[in-house]
Amino acid sequence: LEAEQLPLNAVMASPNLKGVQAVLEAARGNRMASTSAPISQVPTSERMLVPLGAALTEGATEGCPVVITITGRLSPASRMGPVAMLLPGTRCFSIERVGRGERKDERLEDFPPVTTPTVVRQFAEAIAERFGKSRSLVLLGTSIGGVWALALGLDLQQLGVTLARLVLLDCPTPADDLEPYTKHVELIGSFLAREPSQEETSAFFRKMTGAREYAKGWFGEGEAGWEERSLRIWAYDEQSFVVLCQHLTPMAGTMPPQLDCPVAVFSSTQDKELYLLRDDRDWMQYTSTGPFEYHPQDTTHSQFLERLIGRAEHDS
């Protein structure tokens with residue numbers, strides 16, 4: 001690292017490897033923060049953090065653990081509402097990203113994917129302001145929301161917030177191969193750039209594996225233009241995911257960013273044709289304290305998440 005990124009006296013003040021690692025991460029965090037792009041506007045805290053379950057009526061009851069959920073692509077914050085019913089001793093909230101749910105009227109163009117690290121920081125600041133720094137938080141990420149959860153946790157740590165645990169439900173790591181995501185974005189982008197007719201858009205949409213499953217029920221299925229809107233948000237979410245993974249990539253020769261809390265991973269194992277090189281046990285490198293828990297699930301990605309939501313809806 002260059003001298004201005006890692007002062008010599010900072011290294012000398014850290015007489016053990018963990019201390020040196022902390023200095024490296026702090027220096028890297030400062031570098032990452034300085035490269036974040038500005039955005040044109042900041043949504044209100046109420047639009048950014050959506051209460052779920054009991055938190056809808058009781059708020060963040062004093063003494064109850066707070067769970068912050070982060071959904072995968074296309075999903076609004078309310079998608080995790082039923083899951084809050086499975087955690088009766090907590091108060092759950094979910095971050096709401098642009099273009100859906102409480103923020104459906106906001107334009108994607110006002111929050112370009114390059115600003116994603118800045119957006120994550122704004123979520124962290126809103127959470128710290130709302131719940132304080134002394135209250136332990138659990139971060140729960142699903143699918144590509146897991147990388148959002150990691151980035152959010154790192155920013156919360158920099159703000160002095162205590163993290164109790166990171167829980168990941170079938171989430172790719174920041175170290176995964178990003179080429180499938182970038183190719184997917186390019187495919188959708190090149191198609192929409194042709195200004196296709198409604199019939200062409202519907203045909204393209206039907207060919208997209210899982211597209212209907214992801215979008216069903218959340219983007220006005222059956223309304224005019226809902227398929228194009230779903231495609232645009234899907235491409236936007238994947239591009240934001242790629243930007244965030246690149247943002248979290250450590251500099252050569254340094255450790256990956258780490259959270260000072262346990263990490264628990266629940267991973268589906270029946271999508272081998274989709275994730276040939278993916279191993280969710282790689283998440284263990286993102287905790288500095290441990291323990292690390294790994295729970296493989298004999299199901300596909302979509303079945304696992306749908307069953308979780310289905311069980312929560314049934315139990316509630």
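Analyst: Start with pLDDT, the predictor's confidence in each residue, from 0 to 100. This is a predicted model, where local features need pLDDT of at least 70, side-chain atom pairs count only at pLDDT 80 or more, and totals for chains, interfaces and linings use all residues. Residues are numbered from 1 along each chain as its sequence is written, and side-chain values use heavy atoms, leaving out hydrogens and water. The protein averages a pLDDT of 82, and 80% of the residues score at least 70.

User: How much of the protein is buried?

Analyst: Buried means under 20% relative accessible area, with a 1.4 Å probe and protein chains only. Of the 316 residues, 52% count as buried.

User: And how many cavities of 30 Å³ or more does a search find?

Analyst: Rolling a probe the size of a water molecule over the atoms shows where empty space is left. On a 1 Å grid over the protein atoms alone, a cavity is a set of points where a 1.4 Å probe fits but cannot get out; lining residues have an atom within 4 Å of a point. Grid points are joined across faces, edges and corners, and a volume is the space filled by probe spheres set on the points. The search finds one cavity of 30 Å³ or more, and the largest cavity holds about 120 Å³. Its lining has 15 residues; Arg97, Val98, Val119, Trp148 and Tyr236 are the closest to its centre.

Definitions and conventions:
Buried < 20%, exposed > 50% of the residue type's maximum accessible area, 1.4 Å probe, protein only. 1 Å grid on protein atoms, 1.4 Å probe; cavity = no way out; pocket = protein on both sides within 12 Å on 5 of 7 lines; lining within 4 Å.
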